[in-house]
There are 2 protein chains.
Amino acid sequence: MRLLLAASAFVLAAAAPPPASTPTDIVNSAPASAWRTIPADELMLIEFEGGGRTIVQLAPAFAPIHVANMQAMARGGYWDGATVYRVQENYVAQWGTNDAKKGFPAGVRPKPPREYERRLAGLSPVSLPYPDSYSRHVGYALGWPMAWDPKRGTANLTHCYAMVGVGRDLFPDTGAGGELYAVIGQATRQLDRNIALAGRVVEGIENLSALPRGTEALGIYKEGTFARRIVRVRLASQLPEAQRPSFQYLDEHSPSFAAYIHKRANRKDAFYEVPLGGVDLCNAPVPVRRTPAHSAR
Amino acid sequence: MRLLLAASAFVLAAAAPPPASTPTDIVNSAPASAWRTIPADELMLIEFEGGGRTIVQLAPAFAPIHVANMQAMARGGYWDGATVYRVQENYVAQWGTNDAKKGFPAGVRPKPPREYERRLAGLSPVSLPYPDSYSRHVGYALGWPMAWDPKRGTANLTHCYAMVGVGRDLFPDTGAGGELYAVIGQATRQLDRNIALAGRVVEGIENLSALPRGTEALGIYKEGTFARRIVRVRLASQLPEAQRPSFQYLDEHSPSFAAYIHKRANRKDAFYEVPLGGVDLCNAPVPVRRTPAHSAR
């Protein structure tokens, strides 16, 4: 069976040193010191009826009030019995509830400010040294893909695959956080600076991306139907410590990260013959992994 | 129910003229003269067991020998009973067969040349006026997304969402065309100039993108299992004329196309408040539609 990507490349390489390394090789060999552990209250666990779990990392450094809302909703059981009600091909999967009768749990601000950008001050971003179609400055900060504008002094998360944002009504509504979407196709960068991004899926994106597409306009499911029901949503910090999943991201300031980016932009190995000398922000995602069992938590 | 994208925007706009137009508005109002009909022998119809059909437009101007192989395989029934055997999250869905015992139909060249690029001469591309991370020159020609290099005099199709390529073994294999993949995630532009692109899915991509992901390395299904079986693959030209599906693409030289691109890069309407002033090649796909019933075929 022919492969598009070379599983067999690793086998061949083992027999014929020195092997040309891949981005995955670089990530796999990054030292423990290059990884940053994500706090347990920044991991949201979405459990689906019939099994399956999707884990979202929250981004309080970029959308603090929306994230605080989402944390309060998780702690308050707001999403128990909510659904995935929209799956639009090459766009987004959207879930949650906006049941006015239900009322928000204590601590939720129903009309958050526009957290579409934040101050650049306080961040020390690492630039991606290749042109971007949307912004003069793109790269990474605090483990997130980011665009920024030094003149205005602002920075914003970018709509890459698996990023999670806050559904909203028409401008100037900002969304409270009860309805969320994940990007499941080509990066929807046109949404940057127009809507609040609040996290990213770090595990179980296929529980959203592989669902049947909704048949109504915008991929909405027919009234009264849904793609999947959510049993409950909790923060990892609500679980007993031994049961908490733990994740780490590769620090953008580490030499391993720089080597990873360079390799993403310059593939040349048993499969790739022509390195292109560039990569776009959303095609060089921040590596995230399960915290190894032997690693300090 | 809150929406990420404004279905309700159209309703509001009808009540409050003048509405700010969207890219879809522009495409929907493009005159008949802006559309080009795709020839029937450049449409490959993949019918799945249990229902569902995926339609691939072929790109003979870019990979003539691979496309001729695929046309011969379709006419020869080579893929009858083949499977979708690989579905890799945020990467590709791959289908076909490489059964050496089966043998290729007459007319297939088992070792095609590298059709990863073609001569730029003979094309009159329209530039996308925004920076690209991979190539100095990107845009559109003959209804396809393309990158090019005037110095080398070469042009290549680009790995955007739904583009279809030819699976191959390690370099220098080029793949015969019996195994094909479609991009089902963030554009895999690193594959540009490294593998033959031969078409794009114009309808039914969800029959590939919404499948359960394969559990083995690279999204391969477990040995002896598969995501979906293919009943048969035919060219539209093999069907009686009245049964042929017909598609059109928006001519990149038309004023409507220019307006569409400009609007994709500058969203501002009831939902979008901040136009970004740019768009990337794969986020501004060539509009394709079913040929209207009243239109000349």
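In this predicted model, B:Thr154 touches B:Glu117, B:Arg118, B:Leu120, B:Ala147, B:Trp148 and B:Asp149, once residues up to four places away in sequence are set aside. With one of these partners the link is also polar: the side chains of B:Thr154 and B:Glu117 are joined by a polar contact of 3.5 Å. B:Thr154 belongs to strand 10 of chain B, which covers residues 154-157. Its relative accessibility is 13%, and because buried means under 20%, B:Thr154 counts as buried.

A:Gly165 sits in strand 11, residues 163-166 of chain A. A:Gly165 is buried, with a relative accessible area of 0%. Neighbours within four places in sequence aside, the contacts of A:Gly165 are with A:Glu179, A:Leu180 and A:Tyr181, and with A:Ala196, A:Leu197 and A:Ala198. A:Arg118 lies 47 residues from A:Gly165 along the chain, and their C-alpha atoms are 15 Å apart.

Turning to a helix, helix 5 of chain B spans residues 255-265, and its buried residues are B:Ser256, B:Phe257, B:Tyr260, B:Ile261, B:Lys263, B:Arg264 and B:Ala265. An α-helix has 3.6 residues a turn, so residues three or four places apart point the same way. The partners of this buried set are all in chain B: helix 2 (23-28), strand 8 (137-141) and strand 15 (247-250).

How are the two chains related? Chain B is superposed on chain A by a rotation of 180 degrees with 0.0 Å of shift along its axis, at an RMSD of 0.0 Å. This is the relation of a two-fold axis. As for the interface, 100% of the interface residues of chain B are also interface residues in chain A, so the copies meet through the same surface.

Empty space inside the assembly was examined next. Rolling a probe the size of a water molecule over the atoms shows where empty space is left. Which residues lie nearest the centre of the largest cavity? They are A:Ser133, A:Gln186 and A:Asp280 from chain A, together with B:Ser133 and B:Asp280 from chain B, out of a lining of 16 residues. Sorted by class, this lining comprises six nonpolar, four polar and six charged residues.

Note on methods
Residues are numbered from 1 along each chain as its sequence is written. Chains are lettered from A and ligands numbered from 1 in the order in which they are written. This is a predicted model: local features need pLDDT of at least 70, side-chain atom pairs count only at pLDDT 80 or more; totals for chains, interfaces and linings use all residues. Side-chain values use heavy atoms; hydrogens and water are left out. On a 1 Å grid over the protein atoms alone, a cavity is a set of points where a 1.4 Å probe fits but cannot get out, and a pocket is an open set with protein on both sides within 12 Å along at least five of seven lines; lining residues have an atom within 4 Å of a point. Ala, Val, Leu, Ile, Met, Phe, Trp, Tyr, Cys and Pro count as nonpolar, Asp, Glu, Lys and Arg as charged, and the others, Gly among them, as polar. Copies are superposed by least squares on the C-alpha atoms of residues with pLDDT of at least 70 in both. Contact means heavy atoms within 4.5 Å. Helices (H or I, at least four residues) and strands (E, at least two) are DSSP runs, numbered from the N terminus. Buried means under 20% relative accessible area, exposed over 50%, partly exposed in between (1.4 Å probe, protein chains only). A polar contact is a pair of N or O atoms within 3.5 Å; within protein, one must be able to donate a hydrogen and the other to accept it, and residues adjacent in sequence count only if both atoms are side-chain atoms.
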